[in-house]
Amino acid sequence: MKSANTRWRRMGLIIEPPTSGDYEWWVDCAGIPTCMPFSDNLWRIWFAGVNIRGQRGILCADIDPGHGMKILEIRECPGLERGTSDAFDSAGLWPCSVMRVEGRIFLWYTGMRLVRDVPFQNAIGLAVSEDDGFTFKKVSSNPILPAGHEETDFVTSPFVERLDEKFVMFYSECTKWEHIAGRLESFYDLRVAYSSDGINWTKRKNPVISLDGTPWAGIVRPWVDRSGKHRMWWSARGATDFRNASEQAYRLYSAPVSGVDIDKSAIEQVNFVPAPENDEWDSWMQAYCSLVPYQGKLVLLYTGNNFGRQGFGYALSEPEF
């Protein structure tokens, strides 16, 4: 794997979890930032938080990037509540990708439900906003990209873009579960699907990035930026001890993308400067990124340690060296 020749200047936290009693509907975690810029002084970021019952849900923050990512407001997202007891998103949901489509905002998200044979099953849903993202309505109580035929299957973490007059979705798909160190752990690679309307999808059979030949057990949360050199970013982890401070925890990677295919020979790990120190919020995990072009640079929004239990922050691209 190549060393990165683009550096990312770490700028710090944007949102960290609340202290006790700040909110009735949010008590832990701030991660998986999913951003839509409205102007140079207003970004709307949907992110995942956890409620008092330990369930993940979608929250929204308005941010002013022109004044050091100043938080303007944090609020709930009416219409993005967890589903009923038998729904695909009954155990939690989190944002993944957002796009304006004919004046409306499409928000693709991952829903989780608890199942019998494995710890959970994920599928992909879509919600639509008619009021610039203050409220949403799910297009269906069913997923737009279902998990599969078996309870052990799942799909998760889509990124959607328009390419050659089609909607293209990059997403992760479970390939197997294994018992590792006393736990049942999932393995997932990166796939692609196509749609004419953003709702009905056809999967391509071959993966975009297979786990074969890599040190990874999971590849997740793809994000494509075509404003400059056409690259894809993603998070990847190992199979063991990835929930703790170790080399197996999620890190961020990128590679050139042409159409829907990446150059596997040019995969780079994201190079942060200064490197996080041991006691910092992103010292051992950097994951679930999204990217926003801003004033001639790219802003990398990413989740920190322990799946966002210390919050999410950002870094700025620096010239190549």
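This is a predicted model: local features need pLDDT of at least 70, side-chain atom pairs count only at pLDDT 80 or more; totals for chains, interfaces and linings use all residues.
Me: Why is aspartate 282 called buried?
Reply: Its relative accessible area is 0%. Buried means under 20%, so aspartate 282 is buried. This residue lies in the loop between strand 19 and strand 20.

Me: What does aspartate 282 touch, leaving out residues up to four places away in sequence?
Reply: Aspartate 282 touches Arg10, Pro276, Tyr302, Gly304 and Asn305. Contact means heavy atoms within 4.5 Å.

Me: What makes strand 19 (271–273) and strand 20 edge strands?
Reply: The open sheet of 5 strands has the order 19-1-22-21-20, with mixed pairing. Strand 19 and strand 20 each pair on one side only. On average, neighbouring strands of this sheet are turned by 35° against each other, direction ignored.

Me: How do you know that strand 20 and strand 21 pair?
Reply: Pairing requires at least two bridges. Strand 20 is joined to strand 21 by 6 bridges, and therefore the two strands pair. They run antiparallel, and serine 290 stands opposite leucine 301 in strand 21.

Me: Which residues have the most contacts inside the largest nonpolar core?
Reply: They are Trp8, Phe170, Trp234, Ile262 and Leu300, in a core of 38 residues. Among the strands that each supply at least two residues of this core are strand 20 (287–294) and strand 21 (297–303). A second, separate core of 21 residues includes Cys96, Met112, Val115 and Ala287.

Me: Which residues are in contact with leucine 300, leaving aside its neighbours within four places in sequence?
Reply: The contacts of leucine 300 include Trp8, Trp233, Leu252, Cys289, Ser290 and Leu291.

Methods:
Residues are numbered from 1 along each chain as its sequence is written. Side-chain values use heavy atoms; hydrogens and water are left out. A nonpolar core is a set of buried Ala, Val, Leu, Ile, Met, Phe, Trp, Tyr and Cys residues joined through side-chain atoms within 4.5 Å. Buried means under 20% relative accessible area, exposed over 50%, partly exposed in between (1.4 Å probe, protein chains only). Helices (H or I, at least four residues) and strands (E, at least two) are DSSP runs, numbered from the N terminus. Axes are lines fitted to C-alpha atoms, for helices over the stretch in contact, and angles run from 0 to 180 degrees between N-to-C directions.
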